[in-house]
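This briefing covers charged pairs and surface patches. The structure comes first, and the notes follow.

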Amino acid sequence: MFQRIVGRIQEDVDAIRARDPAARSRAEVILFYPSFHATLVHRVAHRLWLRQWRLVARGLSQLGRFLTGIEIHPGAQIGRRFFIDHGMGVVIGETAEIGDDVTLYHGVTLGGLLPSVDSAAQIGVKRHPTLANGVIVGAGAQILGPILVAEGARVGANSVVVRPVPPGATVVGIPAGVVGEVRHDRPETFVPYGTVRDQVIDPLLRQIEALNVRVAELGNRLAALEGGTAETDGRVDLLPTASSRAVGAGL
Ligand SMILES: CC(C)(COP(=O)(O)OP(=O)(O)OC[C@H]1O[C@@H](n2cnc3c(N)ncnc32)[C@H](O)[C@@H]1OP(=O)(O)O)[C@@H](O)C(=O)NCCC(=O)NCCS
């Protein structure tokens, strides 16, 4: 039991280190990261909440808010390896549900919308969003109501999301609309800030790879024409050689 708790805490620390390019050591995360402190306090407060120690749970959650600027209702359900970068101004409502490997930036609200005007009838009713595994929410985004932001989706900074978001989609704007789908091959891989600039390189790499294959084929044909039998291994010197110049000249 104790080992499991320590393991989970370590997991939270390592998730922060893996996702924040500025985090240099475990000690730095444990001492100075509000995400780590807020999540730790919330995990305790949530257990108290589930055991019906609700006033104490609320008190603990308020203490966490005072210390970190991150307000998480003790009723909210939060998965493993959760990370809130910077943290200040984040609000997570009572019936919010958050999957594993979710990342929020500062100023994010997972807020409620009332299905009916009778606030007494709202107790226990799902009013806040659900974020599935691997979701990334940009700074200042507001996600409102009992909607699902599906697995691997990304929400742009300062967006206001009031409709469900499909898996892997990128949504931006007010109200947020889909501008793209996950373009990378490994949606489980975290990309800082939700941007996939590294994937811009991928098509270029693929083109260079195809070019390599084509040049190798031409090299083989040239060798055959010259009466040789040697085959290239598919790796190409990109600087033009005498024979490749001959191919280029149509000789
Ligand atoms: C939404 C986001 C994930 C998209 O990243 P991306 O996949 O690299 O997409 P692009 O930058 O190519 O943008 C796609 C389109 O959406 C627009 N866009 C991107 N982010 C936007 C935003 N927050 N609000 C409005 N439009 C946005 C772009 O202008 C572009 O529009 P265009 O196709 O008309 O030119 C990213 O822009 C974002 O907002 N990440 C959060 C960053 C953040 O919170 N940083 C804080 C760190 S402290």
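A salt bridge here is a side-chain nitrogen of Lys or Arg within 4 Å of a carboxyl oxygen of Asp or Glu. The model is predicted: local features need pLDDT of at least 70, side-chain atom pairs count only at pLDDT 80 or more, and totals for chains, interfaces and linings use all residues. Residues are numbered from 1 along each chain as its sequence is written, and side-chain values use heavy atoms, with hydrogens and water left out.

**Salt bridges**
- The whole structure holds ten salt bridges.
- One of them joins E11 and R81, with the closest N and O atoms 3.3 Å apart.
- E11 is in helix α1 and R81 is in the loop between β2 (77-78) and β3 (83-85), so the pair ties together parts 70 residues apart in sequence. Helices (H or I, at least four residues) and strands (E, at least two) are DSSP runs, numbered from the N terminus.
- E11 is buried, at 19% relative accessible area, and R81 is partly exposed, at 23%. Buried means under 20%, exposed over 50%, and partly exposed in between (1.4 Å probe, protein chains only).
- E11, R19, R80, R81 and D101 are linked in a network of salt bridges.
- R43 pairs with D12, their closest N and O atoms being 3.2 Å apart.
- D12 is buried, with a relative accessible area of 8%, whereas R43 is partly exposed, with 24%.

- R214 and E217 form a salt bridge (3.0 Å, N to O).
- Both residues lie in helix α5 (residues 197-225), three residues apart, about one turn of the helix.
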